[in-house]
Amino acid sequence: MVYLIGTIGFIGGFLFGQLLLRHILHDRSREEIMKMMEDGGARLKYGVINWFFAVLGAVSFVWAYNRYFF
């Protein structure tokens, strides 16, 4: 059951990261974003934001599950 909770938290965190990136990049055009993603530093920065929230979501869901259901 912990694996299921962790997977749900990971997906939820990933979706939250996508929403955050959408909010951060909302004033840029598609061409600007594609040009920016050619730069390795920008690609790493924006990629890490999304994966950070995905892992944070998984960890927090598993922590909450262990805390409140066991």
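Two residues are said to be in contact when heavy atoms of the two lie within 4.5 Å. The structure is a predicted model, in which local features need pLDDT of at least 70 and side-chain atom pairs count only at pLDDT 80 or more, while totals for chains, interfaces and linings use all residues. Residues are numbered from 1 along each chain as its sequence is written, and side-chain values use heavy atoms, with hydrogens and water left out.

The protein chain contains three helices and zero strands, where helices (H or I, at least four residues) and strands (E, at least two) are DSSP runs numbered from the N terminus. Read from the N terminus, the order of elements is α-α-α. The radius of gyration of the protein chain is 15 Å, well over the 11 Å that the globule rule gives for 70 residues, so the chain is more spread out than a compact globule. Here the radius is taken over C-alpha atoms, and the globule rule is 2.2 Å times the number of residues to the power 0.38. The C-alpha trace spans about 50 × 20 × 15 Å along its principal axes.

The accessible surface of the protein chain amounts to about 5600 Å², and carbon and sulfur atoms account for 69% of this surface. Accessible areas come from the Shrake-Rupley method with a 1.4 Å probe; for residues, only the protein chains shown count as cover. Of the 70 residues, 21% count as buried; buried means under 20% relative accessible area, exposed means over 50%, and partly exposed lies in between (1.4 Å probe, protein chains only). Among contacts between residues at least 6 apart in sequence, 80% join residues at least 24 apart.

Charged side chains number 7 positive and 5 negative, and the centres of the two sets are 10 Å apart. Lys and Arg count as positive and Asp and Glu as negative, whereas His and the chain ends are not counted. The place of a charge is taken as NZ of Lys, CZ of Arg, CG of Asp or CD of Glu.

Ile-5 belongs to helix α1 (residues 2–24) and counts as buried, at 17% relative accessibility. Neighbours within four places in sequence aside, Ile-5 is in contact with Phe-61, Val-62 and Tyr-65. The C-alpha atoms of Ile-5 and Asn-66 are 10.0 Å apart, although 61 residues separate the two along the chain. Thr-7 is also in helix α1, but is partly exposed, with 43% relative accessibility. From Thr-7 to Ser-60, 53 residues away in sequence, the C-alpha distance is 11 Å.

Helix α3 (residues 40–69) includes Gly-57, which is buried at a relative accessible area of 9%. Gly-57 touches Gly-9, Phe-10 and Gly-13, not counting residues up to four places away in sequence. Between Gly-57 and Gly-12, 45 residues apart in sequence, the C-alpha separation is 6.4 Å. Asn-50 is likewise placed in helix α3 and is buried, with a relative accessible area of 5%. With residues up to four places away left out, Asn-50 touches Phe-14, Gly-17, Gln-18 and Leu-21.

The largest nonpolar core consists of five residues, Leu-21, Leu-25, Met-36, Ala-42 and Tyr-46. Such a core is a set of buried Ala, Val, Leu, Ile, Met, Phe, Trp, Tyr and Cys residues joined through side-chain atoms within 4.5 Å. Beyond four places in sequence, Met-36 touches Leu-25, Arg-28, Ala-42 and Tyr-46.
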